[in-house]
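Hello,

Here is the structure I promised to pass on to you. Please have it open while you read, as my notes follow below it.

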Amino acid sequence: MGIAVSDWRLARTVCLNGGLGVVSGTGIDTVLLRRLQDGDPGGEVRRALAAFPKPALVQACLERYFRPEGRAPGEAYARLPLPTAGRHRDAWVMTLLGAYVEVTLAREGHDRPVGLNLLTKLQLHTLPALYGAMLAGVGTVIMGAGIPRDIPGILDAFAAGRPASLRVDVRGGEGLTLTFDPADFGLRPDLLARPDFYPIVSSHVLAGVLARKASGPVQGFIVEGPAAGGHNAPPRGPLTLDDRGQPVYGERDEVDLPAMRALGLPFWLAGGCGTPGALRDALAAGAAGIQVGTLFAFAQESGLWADLKADVLTRAQSGALDVFTDPLASPTGFPFKVVTLPGTLSQPDVYAARERVCDLGYLREAYQTESGRVGWRCPAEPVAAFVSKGGDAAAAQGRKCLCNALMADAGYAQVQRGGLTEPGLLTSGDALGALSDWTPGYGAADVLRVLHG
């Protein structure tokens, strides 16, 4: 559910009402940074940081970034240096602290497990996010947008108090290895509770590969269909577009549920499952339950920017909502669900008016330069810069800066050069129109009551 939309408040409320609340770890270093620069209203962030086991890291963070009075109107957020494989300490410290804060706050007031969601494609930030969440007692880790084969072994290593390593993909060259050692951050190599791991899959074949060949045990799966919001798996076979330019999914993209049952591990169905009937059907098909995103994203506890949430809920009452599966929007190359809304990057005039900039860089890919070194590039960065790094200009067309746009969706929009504020780009599942059945101001507890009948 994007950057800070599935935040600690929403996850905590879901847990308090009997579900598995999941916090987003995507961009959590920048989320923490911007919360502190906005003055940490309510003091929750600082309260959670006070329990972190290395006070010196916390003190240095607060001295550097906390703004008691918040930013001045129109003032830009300070940024972290863009991390690379060899220069990433600032980003790793903030990711470690951010994941710890999010899980700690989500766990307050109950004893149910809390989940963490990460994108497999964001390899530079994975290790500190996992360790920070485990320090806070996360119960489940969920990862999609790639094949997270290395993650179970990383969780095993951290649980045993050992450093862990992750292989980072390098286009055109051999991969490189990142290692997170708790001792490098002044942390004792304590034994930690090992969370369950549920990779997100779109086929029983991938689920079987991960069950047999992952680096450690997998406890279950999230089976996500193309109706889900955010990134979707590409259709199998040659890409075909419909008359609107959306990828066409067919029978080959349907998951073989009997084959999923035969794996002997629990699985949850996701994508268009936010109804009582979908829950009943999932259970009847042998699933352990369902994963729901869209209904919770627009609940009052979610981290979605209040104005954006209100706009969508108002439009839902008149049926004026549209979701487009954009094959080009995401720099990852995966299809990405986009809600067509005025004032967002879904509108051609807004997209054309935005100056391309890559100042967060989460979706950059590593590539091998002509000199044999490792560089970093993104199809959504300025086209000339992308081409200068060996990128294909055609691959940059239509790409949108999801990093800045999703930050804006959560109310953390950057003020760029010239005073221009980054526009958002809202994502949602195909079932967005079902919001017309919900009264604006509904809460996460209402969603759970309806789903359980």
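What follows is a short tour, from the whole chain down to a few single residues.

Please keep in mind that this is a predicted model.

**The whole chain**

The protein chain holds 17 helices and 14 strands. Its C-alpha trace spans about 50 × 50 × 50 Å along the principal axes. The radius of gyration is 21 Å, which agrees with the value near 22 Å that a compact globule of 453 residues would have. Of the 453 residues, 55% are buried. Among contacts with a separation of 6 or more, 69% are between residues 24 or more positions apart.

**Helix 4**

Which residues of helix 4 are buried? In this helix, which covers residues 55-65, they are Leu-57, Val-58, Cys-61 and Tyr-65. Viewed down the helix axis, these buried residues fall within an arc of 95°, so they line one face of helix 4. As background, an α-helix has 3.6 residues a turn, so residues three or four places apart point the same way. The cover over the buried residues of helix 4 includes helix 2 (28-37), helix 3 (44-49) and helix 5 (89-106). Pro-55, Ala-56 and Glu-63, on the other side of helix 4, are exposed.

Strand 3 (residues 140-144) is mostly covered, with 5 of its 5 residues buried. Thr-140, Ile-142 and Gly-144 point one way from the strand, while Val-141 and Met-143 point the other way, and all are buried.

Strand 5 pairs with strand 13 (residues 365-368) in the parallel sense, over 2 bridges. Val-170 has Ala-366 of strand 13 as its bridge partner.

Two residues are worth a look on your screen. His-125 is found in the loop between strand 2 (114-119) and helix 6 (126-135). Is His-125 buried or exposed? His-125 counts as buried because its relative accessibility is 11%, and the cut-off for buried is under 20%. The side chains of His-125 and Asp-29 are joined by a polar contact of 3.5 Å. Beyond its neighbours within four places in sequence, His-125 is in contact with Asp-29, Pro-83, Ala-91, Thr-95 and Tyr-362.

Arg-12 lies in helix 1 (residues 8-16) and is partly exposed, with a relative accessible area of 28%. Not counting residues up to four places away in sequence, Arg-12 touches Leu-105, Ala-106, Glu-108, Gly-109 and His-110. From C-alpha to C-alpha, Arg-12 and Glu-301 are 9.4 Å apart in space, although 289 residues separate them in sequence.

Best wishes

Key: Residues numbered from 1 in each chain as written. Predicted model: local features only at pLDDT ≥ 70, side-chain atom pairs only at ≥ 80, totals over all residues. Heavy atoms only, no water. Helix = DSSP H or I, 4+ residues; strand = E, 2+ residues; numbered from the N terminus. Buried < 20%, exposed > 50% of the residue type's maximum accessible area, 1.4 Å probe, protein only. Polar contact = N/O pair within 3.5 Å; in protein donor to acceptor, adjacent residues only side chain to side chain. Contact = heavy atoms within 4.5 Å. Pairing = 2+ DSSP bridges. Rg over C-alpha atoms; globule rule 2.2 N^0.38 Å. Arc of directions from axis to C-beta.
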